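Please read these notes with the structure open beside you. They are numbered, and each point takes up one topic.

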Amino acid sequence: MTRSNELLQGTLDLLILKVLTLQPMHGLAIADRVRQLSDDVLRVNQSALYPALHRLEHQAWIKAEWGESDNNRRAKFYALTKAGRARLKTEEESWERLSGAVQGVLRSV
Amino acid sequence: MRLLNSLRQRLNSLLHKDDADTSLSEEMQFHFDALVERNLERGMSPADARRAARMEFGSMAEASQSAYESRGTALLDDLMQDIRYGIRSLRRSPGFTFITVLTLALGIGACTAIYSLVNAVMLRSLPYGDASRLVYLYMPNPNIKELPPEALGPSNADFFDIRQQAHSFSSITMFDQKGMNLTTGSQPERVGVAKVDANFFRTLEVAPLLGRDFQEADQQPGNSRSVILSDALWQSVFAGAADVLGRSVTLDGESYRVVGVMPLGFAYPQKTELSFGNGSIETTQLWIPYSLSAQQRADRDQTSINALARLAPGVTVKDAQAEMSTIAARLEPLHQSLMFSGMTALVKSLTRQVLGPVRPLMMLLLSAVGFVLLIACGNAASLLLARAASRRHELGVRATLGARRGRLIRQMLTESLLLGSAAGVVGVGLAWLFIRALLRLNPGNIPHMETATLDLRALVFAVLVSLGTSLLFGIVPAFSATRINVAAFLASAGTRGLVADRRSLRRSLVIVQIALVVVLLTGAGLFLRSYLKVLSIQTGFSSSTLTIGVPMSAAADSVEKRRGFYTALLQTISTQPGIQSAGLVSELPLTDSESFVTIWVDGYPNQKNQLVEARDASSGYFTAMQTPVLRGRNFTPDEDSAAKHSVVIVNQTFANTYFAGKDPIGRRLRTSTDEPWSTIVGLVQDIRYESLETAAVPQVYVPFLSSFPPPGGAAVTVRSSLPQAASIAALRASVRSIDPNLAVSDVRVMSDLTSHATAPRRFQTTLLTVFSSTALFLAIIGIYGLLAYSVRQRTGEIGLRMALGSTRTGIVRLILREGLSLLIVGLCIGSVGAVIFARTLRSFLYEVPAMDPVTFLLVPAVLALATLAACIAPSARAATTDPMVALRHE
């Protein structure tokens, strides 16, 4: 099990919420989309993905529904809720702040 | 709303855990299958496709475990699991469970019982509206040092002036107590009656259950034959009949109409609620109107009534005190008698009056019982530590298999919670028994003690104590036992390991227990020594003298008839067969009744307000009471009926005070300057009248019938050769032959009075002794448990020592040294606590210094003996160890 691209704590939630703004998706699609959008840099480990999805669902930021996948199989689709959209906004802001701060430190030293 | 949703989801997910798990695995299965398909499309072989997918996916078990925990039900679920596991493991060691639960139950039960008592006495509010706004009004005279400030109430005239002038009170009432004869069947019965004015029930903010309370019209002389019944009397006399209103009862031979019934639990004034109430009235059973003639209303010097007031809104006790002081200054010059010169006012809140005297005792009992609970907790913790050591293997295996420390701690704490809860349940049962035992010991001076029950508040307390206890005794073992080094555990091949650190923890626990026991034992020792001192007090009377109270006959309405009544009474009783001596006295010792006179002594630098205790006594009194006449002579029978007193008898303290201990016979004294002198003819031993523990004050005895007017009731004192029951029957028959309407009251042997007087001390001494013996017992078990455990742990070492030539005596010394070192450290720490504790107990002690050397020597001796006893079995076991077996044991 390689964990070289282990995501920073909390960033996975942010990525999931962001990806889900496009359309409702199932777990695999979310993982694929994150990987694709990050040019294969960020790989979401499934053992982190599902707990995160359940946690977000539990906090009512996303909601889940069973539906049909492209190949006509039963899959669970996750969609962003109103609360999730609001959450995403604050998460994005705090990420901007954090990364800006890190950038600042890296440049100055 | 979010919270509610989240809770519902949690609950839902817990109830449908299997559903949730299925849907999760289905979801992940889909993900996995999709990965496999993708690999197949890339042209991999089916086997490779699956392998690659598995690599990419990671551990499915880990994912589902994390997802499960993120659902937020893990805690609840684990708790269920822990409880099931805990019950199973406790059932596997019934001995441990039994002893732990019992020890804790003892502590919890005792605590809950004492809390119920404190709850009944101090926490439950008195049923008098807002009781904190009620105040007593007293008119103390600081110039009369013999009388405590609370002994004097306002006179009638003072009361009416206060009522008119004071603005601090929204309502103010006067009342008095009276023992009366209630005739319902053939036998009259003595009942406690309160004579109250029309404001009484309004001031107390209590309304009758049935009928009405008193109005101004009820107080008019000639119109005052109405009565309000207590619930108890309504039940016992009228069997709770609904049509009781308008029926009549006979009191002292007169008919009274029932106008009301008070609710259950109302019996004000009770003995414990008045500073100097009528000693023979415990609770009030009847209320009648306080009817006063114009002349009585104007009386300023002769009366002293109880005055109770409710503070007006916004007025503090301090404000009321300031106003009353100015009123008292205005009233003082209106008094004729010298007794009132310098009169002041005192406003004292009812709750302070009632609870003030018992608060220290309640605090003492609570802390003592808290100590017992702490010691019980110590034992439970020690037992848990020992158990944890023997469970080391189990815990080690679980840690090795990946159980996190937090999880193990939770498991251990769940077990202690289970033990604590079981102990709580047993403890509540024990508390119920303890409360019954406590009520049996009721000394009668603790207000509302009889209402102590296991009410809701006491039960909540028991639950909280059980939970707190569980944490208290569980937390140390839980953290200590779960400190597992997996590598070290595996290196020791999963068998035994060093447990020394836990033994040292147990040693500290035992030392703390011993220290607490030292503190408690010292308290109990000081109490016991005080109690023994009180028992050996020279009371001045024989404890086997029989006494009865006889009220004045209603028919004797003149001074002459009164004298005739008493003469006939004394004569009839004296001539009964078997009666050896019979006497009359105005007030018996230890009955809370007091009579003072001011005196002038011939040839003594007399002061104003020289107060001495005065008693009217017949010639038979000292004989019947067996009070020794030390000098001079007793009264003669013909002096009993002498018209004017010319002779008196004084006690030893009188002689010491006024004649510097010289022979008082033949000296003279009088009660005021315009009275003739009386000659002292006898000197008797001091009698303790006021209380057993208060040294006698100067006392003067006057021939019984010479006082003017003769007392309105007397105590008969008798010695007889008959059995007690026969003597009582003879006395009753004598009284009946003189007036069949008279009810004999207070049939007692003098030892009843001393026993009643020592009851409060007996109560506190018994409780403290029981608590400290329990504590001692628990501590001994603690020491024994530790040593027995230590011997088991050191079996190998002992075997080795013996194999190397140590004698059995040497081994015994080894174990003794361990026990005694605990004792010495515990004693040292405990002694410091005991000194502090003893200082706070000072006010409870009688003629025993707080630093009583006897107690401070005895307590360590008792503890040393007890510790030795605890060492016997373990050392014997150690000494009989077979070295061969012991070495193989390792």
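1. Two residues are in contact if their C-beta atoms, placed from the backbone, lie within 7 Å. In chain A, among contacts with a separation of 6 or more, 50% are between residues 24 or more positions apart. In chain B, 82% of the contacts between residues at least 6 apart in sequence join residues at least 24 apart.

2. A word on the model and its labels. This is a predicted model, in which local features need pLDDT of at least 70 and side-chain atom pairs count only at pLDDT 80 or more, while totals for chains, interfaces and linings use all residues. Residues are numbered from 1 along each chain as its sequence is written, and chains are lettered from A and ligands numbered from 1 in the order in which they are written.

3. Chain A has four helices and three strands (DSSP runs, numbered from the N terminus: H or I of at least four residues for helices, E of at least two for strands). Their order along the sequence is α-β-α-α-β-β-α. Of its 109 residues, 31% are buried, meaning that 20 or more other C-beta atoms, placed from the backbone, lie within 10 Å of a residue's own; 12 or fewer makes a residue exposed, and anything in between partly exposed.

4. Chain B contains 28 helices and 22 strands, and 41% of its 890 residues count as buried. The C-alpha trace spans about 135 × 75 × 55 Å along its principal axes. The radius of gyration of chain B is 38 Å, whereas a compact globule of 890 residues would have one near 29 Å (taken over C-alpha atoms; the globule rule is 2.2 Å times the number of residues to the power 0.38).

5. Chain B is divided into domain 1 (2–72), domain 2 (140–273 + 280–344), domain 3 (359–536 + 757–889) and domain 4 (555–740); such bounds come from an automatic or database domain assignment. The centres of domain 2 and domain 4 of chain B, taken over C-alpha atoms, are 31 Å apart. Five residues of domain 2 and six residues of domain 4 of chain B make the contact.

6. Which residues of the largest nonpolar core touch the most other members? They are V372(B), I514(B), V517(B), V518(B), L520(B) and A775(B), in a core of 106 residues. Such a core is a set of buried Ala, Val, Leu, Ile, Met, Phe, Trp, Tyr and Cys residues joined through C-beta atoms within 7 Å. Helix 13 (residues 359–390) of chain B gives the largest share of this core, 18 residues. A second, separate core has 60 residues, including L152(B), F169(B), V258(B) and A307(B).

7. Helix 9 (residues 231–238) of chain B has L233(B), W234(B) and V237(B) buried. The buried residues of helix 9 of chain B line one face of the helix, because they fall within an arc of 105° seen down its axis (the arc of the directions from the helix axis to the C-beta atoms). Their cover includes strand 5 (226–229), strand 7 (254–261) and strand 8 (286–289) of chain B. After helix 9 of chain B comes A239(B), with a positive phi near 50°.

8. V700(B) lies in strand 20 (residues 699–703) of chain B. Why does V700(B) count as buried? Because V700(B) has 20 C-beta neighbours inside 10 Å. Leaving out residues up to four places away in sequence, V700(B) touches I599(B), V612(B), A614(B), V648(B), V650(B) and F654(B).
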